[in-house]
Amino acid sequence: MDTFLLVLIILVLLIVISLPLLLFLRRIAEVRLKGDTLVFVYPFREEKIELGENLMKWNLQKAQFLWIGRVFAVNLQLKNSRWRSISSRFYPDQFQEVFRYLEEKYSDRRMKDIQ
């Protein structure tokens with residue numbers, strides 16, 4: 001009985017410790033641009049967005065932080081009223097690639113930038 005309680009307590013502690021980590025990792029994604037498809041790869045799923053079909057409008061957002069410096073983000077509004085954002089802080093290479101692609105192909109759907 002004592003070993004069962006000990007195993008149960010250890011198991012509960014492991015769950016309590018790992019739950020915040022799983023919730024944090026669930027939101028981290030890798031962003032890839034494959035042709036006209038934007039792919040967000042999360043640890044437990046993958047989301048594909050066809051830009052030609054689903055993109056309503058997009059904008060560039062700039063923020064100035066004292067401890068980080070200047071950070072940019074591309075905000076995409078999709079036709080299902082959802083928003084996706086790609087930050088230059090977390091995804092610097094992907095941000096540049098997506099921003100250049102949107103400037104070339106979808107400059108007509110660009111909204112006024114947010115400062």
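Trainee: How far apart are the end C-alpha atoms of helix H3 (residues 92–105)?
Mentor: This is a predicted model, in which local features need pLDDT of at least 70, side-chain atom pairs count only at pLDDT 80 or more, and totals for chains, interfaces and linings use all residues. Residues are numbered from 1 along each chain as its sequence is written, and side-chain values use heavy atoms, leaving out hydrogens and water. Helices (H or I, at least four residues) and strands (E, at least two) are DSSP runs numbered from the N terminus, and the expected span of a helix is 1.5 Å times one less than its number of residues. For the 14 residues of H3 this gives 20 Å, and the distance between the end C-alpha atoms agrees, being 20 Å.

Trainee: Within what arc do the buried residues of H3 fall?
Mentor: Buried means under 20% relative accessible area, exposed over 50%, and partly exposed in between, with a 1.4 Å probe and protein chains only. In H3, the buried residues are Phe 95, Val 98, Phe 99, Tyr 101 and Leu 102. The arc is taken from the directions that lead from the helix axis to the C-beta atoms. Seen down the axis, the buried residues of H3 line one face of the helix, because they fall within an arc of 165°.

Trainee: Which residues are exposed on the other side of H3?
Mentor: The buried residues of H3 pack against E1, E2, helix H2 (51–54), strand E4 (55–65), strand E5 (69–78) and strand E6 (83–87), where contact means heavy atoms within 4.5 Å. On the other side of H3, the exposed residues are Asp 93 and Glu 104.

Trainee: With which residue does the side chain of Thr 37 make a polar contact?
Mentor: Thr 37 lies in strand E2 and counts as buried because its relative accessibility is 13%. A polar contact is a pair of N or O atoms within 3.5 Å; within protein, one must be able to donate a hydrogen and the other to accept it, and residues adjacent in sequence count only if both atoms are side-chain atoms. At 2.9 Å, the side chain of Thr 37 is joined in this way to that of Glu 50.

Trainee: What is the bridge partner of Leu 76 in E6?
Mentor: E5 and E6 run antiparallel and are joined by 5 bridges. In E6, the partner of Leu 76 is Arg 84.

Trainee: What separates the C-alpha atoms of Glu 53 and Asp 113?
Mentor: Glu 53 is placed in helix H2 and counts as exposed because its relative accessibility is 54%. Glu 53 and Asp 113 lie 60 residues apart along the chain, and their C-alpha atoms are separated by 22 Å.

Key: Pairing = 2+ DSSP bridges.
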